Amino acid sequence: MLRFNSNALVFLTALIVSTTFVASVSAQESAPAAKSNTQNRLPFYFGKLGVTNSQRQQLYSVQGAYESKLEALRNEMKALLKKRDAEMEQLLTPGQKLRLQELKTQTVKDAKKGQQPAPKEEAKEE
């Protein structure tokens with residue numbers, strides 16, 4: 001049978017208990033933070049600046065103040081791009097429209113496979 005030093009046994013027990021306690025406290029603290037971090041992410045490089053928790057919360061507040069305006073602009077930009085593309089497509093011949101649809105379909109298939117888009121074709125002068 002193995003013999004344990006009583007000091008080693010006490011030390012190991014204390015280590016296990018403290019590790020378990022720290023892990024449970026850490027998990028409880030990070031659970032709310034995990035939810036807020038999915039919406040609140042610092043801009044690129046800000047995380048490497050050593051910002052304090054107070055600064056971090058202020059940065060999140062500034063981001064939140066602009067988010068609805070930015071979302072409205074993103075939606076407006078999507079609508080403008082869709083309108084532009086529709087106008088441009090109206091200038092194409094039926095054959096060009098068909099080829100455009102084929103290229104779009106192929107790009108989606110390639111993206112699902114994780115491949116790069118096919119190289120651009122040379123523009124033909126008419």
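A salt bridge, as I use the term here, is a side-chain nitrogen of Lys or Arg within 4 Å of a carboxyl oxygen of Asp or Glu. With that in hand, I opened my notebook on this model.

**Ground rules**

I am reading a predicted model, so I take local features only at pLDDT of at least 70 and side-chain atom pairs only at pLDDT 80 or more, while totals for chains, interfaces and linings use all residues. I number residues from 1 along each chain as its sequence is written, and my side-chain values use heavy atoms, with hydrogens and water left out.

**Entry 1: the overall fold**

I began with the elements, taking helices (H or I, at least four residues) and strands (E, at least two) as DSSP runs, numbered from the N terminus. The protein chain has 3 helices and 0 strands, and the order from the N terminus on is α-α-α. Helix α1 covers 6-39, α2 covers residues 53-90 and α3 covers residues 94-113.

The 20 residues of α3 should span 28 Å, and the end C-alpha atoms are 29 Å apart, which agrees. After α3 I came to Gly114, which has a positive phi, near 85°.

**Entry 2: how much is covered**

For accessible areas I rely on the Shrake-Rupley method with a 1.4 Å probe; for residues, only the protein chains shown count as cover. I call a residue buried under 20% relative accessible area, exposed over 50% and partly exposed in between (1.4 Å probe, protein chains only). What share of the 126 residues in the protein chain is buried? I noted 3%. The accessible surface of the chain comes to about 12000 Å², and 61% of that belongs to carbon and sulfur atoms.

**Entry 3: the loop between α1 and α2**

Next I went to Tyr45, which sits in the loop between α1 and α2. Tyr45 is not a glycine, yet its phi is positive, at about 80°. I also searched the whole structure for aromatic pairs: rings of Phe, Tyr and Trp (its six-membered ring) with centres within 6.5 Å, called stacked if the planes are under 30 degrees apart, edge-to-face if over 60 and tilted for the rest. The search gave 1 aromatic pair. Phe44 and Tyr45 make that pair, with 4.2 Å centre to centre and 55° between the planes, so it counts as tilted.

**Entry 4: along α2**

Gly64 belongs to helix α2 and is partly exposed, at 48% relative accessibility.

Lys69 lies over the face of Tyr66, 5.7 Å from the ring centre.

Tyr66 came up again in a nonpolar surface patch of about 390 Å², which it makes with Val62, Leu70 and Leu73. Patches here take residues with over 30% relative accessible area and no salt bridge, joining like charges within 9 Å and nonpolar side chains (Val, Leu, Ile, Met, Phe, Trp, Tyr) within 5 Å. Leu70, in helix α2, is partly exposed at 40%.

**Entry 5: salt bridges**

How many salt bridges does the whole structure hold? I found 4. Side chains of opposite charge can pair when their charged atoms come close.

- Arg74 and Glu71 pair with their closest N and O atoms 3.0 Å apart. Both lie in helix α2, 3 residues apart, about one turn of the helix. Arg74 is partly exposed at 37%, and Glu71 likewise at 33%.
- Glu67 joins Glu71 and Arg74 in a network of salt bridges.
- Asp85 and Arg84 meet at 2.8 Å, N to O. Asp85 is partly exposed at 34%, and Arg84 at 44%.
- Arg99 and Glu102 meet at 3.6 Å, N to O. They are 3 residues apart in helix α3, about one helical turn. Arg99 is partly exposed at 37%, and Glu102 at 41%.

Conventions. Lys NZ or Arg CZ within 6 Å of the ring centre and 35° of its normal. Expected span 1.5 Å × (residues − 1).
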